[in-house]
Amino acid sequence: MSVINRINRWVNTWIIPTSDLKQWSREERWSYPDNGNGDCEDYALLKRKMLLEEGFPLQALLLTIVRNPLGDAHAVLMVRTDHGDFVLDNLTDEMLPWARTSYRFIKRQSERDPNVWLKLRNASDEVLITTRQIA
C-alpha cells in the first residue's frame, strides 16, 4: 500500500492539470503526460504505468470511468489489492475504497483484456471507449 500511496501522491503533485483542448487542440486525447501536463485520464495512465514498473499485475490496475456528483465524466485508476479495491484520483491524494467515493461508476477495463471495457452495474448505456485511443 505504501508504494501505491507514494506513486499516487507523486503523480498528483508532478502533473499540471491541463485540458486536452488546451494542450492538444482537441476535445479528447488519452496520452502519457510526458511534458508534465495532463487531464484525469493522463494521471490515471501514468499511475498505471508506474505501478506496472513496480511489479503490480496489469489485471489489478484498471482504468475506470466515473461520473462525479454533477454528472461530469471523470477517469480514475482502480487498484485491486488484498485490502480491497482503491480509487486513485487526481482530485485527491487520499486512496479511497471505491464505495467511499462520491462517484457513480460507469465502466472499467476488463481484468482479462485491457482493450475491453465493461459496463458496471446500474450504469447507463453509454458509448464505450477502447484503450486503442491512447496516443
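Trainee: Is Glu111 buried, partly exposed or exposed?

Mentor: Keep in mind that this is a predicted model. Buried would need under 20% relative accessible area and exposed over 50%. Glu111 comes out at 35% relative accessibility, so the label is partly exposed.

Trainee: Which residue forms a salt bridge with Arg80?

Mentor: Arg80 sits in strand 4 and the partner sits in the loop between strand 7 and strand 8, so the pair ties together parts that are 31 residues apart in sequence. Arg80 is partly exposed, at 32% relative accessible area. The closest N and O atoms of the pair are 2.0 Å apart, and the partner is Glu111.

Trainee: Which residues are linked with Arg80 in a network of salt bridges?

Mentor: A search of the whole structure turns up six salt bridges. Arg80 belongs to a network of them, and the other members are Asp85, Arg108 and Glu111.

Trainee: Moving to helix 1, how many residues apart in sequence are the parts that Arg6 and Glu54 tie together?

Mentor: The two side chains meet in a salt bridge, 3.5 Å from N to O. Arg6 is partly exposed at 45% relative accessibility, and Glu54 is partly exposed at 44%. Arg6 lies in helix 1 and Glu54 in the loop between helix 3 and strand 3, so the separation in sequence is 48 residues.

Trainee: Where does the salt-bridge partner of Arg9 lie?

Mentor: The side chain of Arg9 meets that of Asp93, at 3.7 Å from N to O. This pair links distant parts of the chain, 84 residues apart, with Arg9 in helix 1 and Asp93 in strand 6.

Trainee: Now the rings: are Trp30 and Trp117 stacked or edge-to-face?

Mentor: Theirs is an aromatic pair, one of three in the structure. Planes over 60 degrees apart count as edge-to-face. With 6.0 Å between centres and 85 degrees between the planes, Trp30 and Trp117 are edge-to-face.

Trainee: What about Phe105, buried or exposed?

Mentor: Phe105 pairs edge-to-face with Trp98, the ring centres being 5.7 Å apart. Trp98 is partly exposed, at 44% relative accessible area. Phe105 has 10%, so the label here is buried.

Trainee: Why is strand 3 largely enclosed by the rest of the structure?

Mentor: Leu61, Leu63, Ile65 and Arg67 point one way, and Leu62, Thr64 and Val66 point the other way. Strand 3 is largely enclosed because the number of buried residues is seven of the seven.

Trainee: What is the bridge partner of Arg67 in strand 4?

Mentor: Strand 3 and strand 4 run antiparallel, with seven bridges joining them. They form a hairpin with five residues between them, and Gly71 in the turn has a positive phi of about 95 degrees. The bridge partner of Arg67 is Ala73.

Trainee: Last one: which side chain makes a polar contact of 3.2 Å with that of Thr18?

Mentor: Thr18 is in the loop between strand 1 and helix 2. Its side chain reaches the backbone oxygen of Ile16 at 3.0 Å. The side chain at 3.2 Å belongs to Asn37.

Note on methods. Residues numbered from 1 in each chain as written. Predicted model: local features only at pLDDT ≥ 70, side-chain atom pairs only at ≥ 80, totals over all residues. Heavy atoms only, no water. Phe/Tyr/Trp six-rings, centres within 6.5 Å; stacked < 30°, edge-to-face > 60°. Buried < 20%, exposed > 50% of the residue type's maximum accessible area, 1.4 Å probe, protein only. Helix = DSSP H or I, 4+ residues; strand = E, 2+ residues; numbered from the N terminus. Polar contact = N/O pair within 3.5 Å; in protein donor to acceptor, adjacent residues only side chain to side chain. Pairing = 2+ DSSP bridges. Salt bridge = Lys/Arg side-chain N within 4 Å of Asp/Glu carboxyl O.
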